[in-house]
Amino acid sequence: KIILYVGGLGKLKRVDVLLDAFAQLHSELDDIACVIVGDGEHLIELKKWADRKDIQDVHFVGEVIEGVEAYFALGDVFAMPGSGGLAINQAMALGLPVVASVADGTQKDLIIPGENGYLVEAGNVDELKRCLKEVLCDPARAARMEKKSLELVLQRASFASMIQDYSAAIHAVLGRGAKRIGEEVAR
């Protein structure tokens, strides 16, 4: 089973928290791996840290732009332990359950706790580990979450829903403006 992270490897991404959670999980489950796709100023530091802690089955892939979908297809659960967000949409579009922390706000719109993933407190290694374990150890739950992720992203973050939301916002603004002009003319 594969825990997947895709994104930059900067301090605010909190991949160190994911590695801590994975190390604890790996001591309990022997059939898991963590795949980290991305590059950034903390890549070398994270690799050294994983080596020092002797964390097995962590694979740093580096930056992948073209063909990154193949890595999403490998994953069983997507983890976003720190800031970011767009990768949540991509993971959900490819049917992955998502465990996320602070991200960029989209996690609150796209993740329904217990239905397609979990929202965890930033920096809370134990909570991240617990939520990842719940997805990985319950195939029926994971299958329901996969289906719900795809359903939600199509419903809430598709091109069609974006156009609908922009259209509603424009009409709301124009409607209020037209009403105010009418009130001023009536005076």
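Reader: Strand β1 (residues 2-6) and β2 are joined by how many bridges?
Author: β1 and β2 run parallel. Keep in mind that this is a predicted model: local features need pLDDT of at least 70, side-chain atom pairs count only at pLDDT 80 or more, and totals for chains, interfaces and linings use all residues. Residues are numbered from 1 along each chain as its sequence is written, and side-chain values use heavy atoms, with hydrogens and water left out. As for β1 and β2, the number of bridges is five.

Reader: Which residue of β2 is the bridge partner of isoleucine 2?
Author: Strands count as paired if DSSP finds at least two bridges between them. Strands (E, at least two residues) and helices (H or I, at least four) are DSSP runs, numbered from the N terminus. For isoleucine 2, the partner in β2 is alanine 33.

Reader: How many residues of strand β2 (residues 33-37) are buried?
Author: Buried means under 20% relative accessible area, exposed over 50%, and partly exposed in between (1.4 Å probe, protein chains only). In a regular strand, side chains alternate between the two faces of the sheet. In β2, Ala33, Val35 and Val37 are buried on one side, and Cys34 and Ile36 on the other. That makes the count five of five.

Reader: How far apart in space are histidine 26 and glutamine 56?
Author: Histidine 26 lies in helix α1. Not counting residues up to four places away in sequence, histidine 26 touches Ile32, Gln56 and Asp57, where contact means heavy atoms within 4.5 Å. Histidine 26 and glutamine 56 sit 30 residues apart in sequence, but C-alpha to C-alpha the distance is 7.9 Å.

Reader: Over at β5 (residues 98-100), which β6 residue is the bridge partner of valine 99?
Author: β5 and β6 pair in the parallel sense. Three bridges make up that pairing. Across from valine 99, the partner in β6 is tyrosine 118.

Reader: Is serine 101 buried or exposed?
Author: Serine 101 lies in the loop between β5 and α5 (106-110). Leaving out residues up to four places away in sequence, it touches several residues, including Met80, Pro81 and Gln107. Because its relative accessible area is 5%, serine 101 counts as buried.

Reader: Which backbone nitrogen does the side chain of serine 101 reach at 3.3 Å?
Author: A polar contact is a pair of N or O atoms within 3.5 Å; within protein, one must be able to donate a hydrogen and the other to accept it, and residues adjacent in sequence count only if both atoms are side-chain atoms. The serine 101 side chain reaches the backbone oxygen of valine 120 at 3.5 Å. The nitrogen at 3.3 Å belongs to alanine 122.
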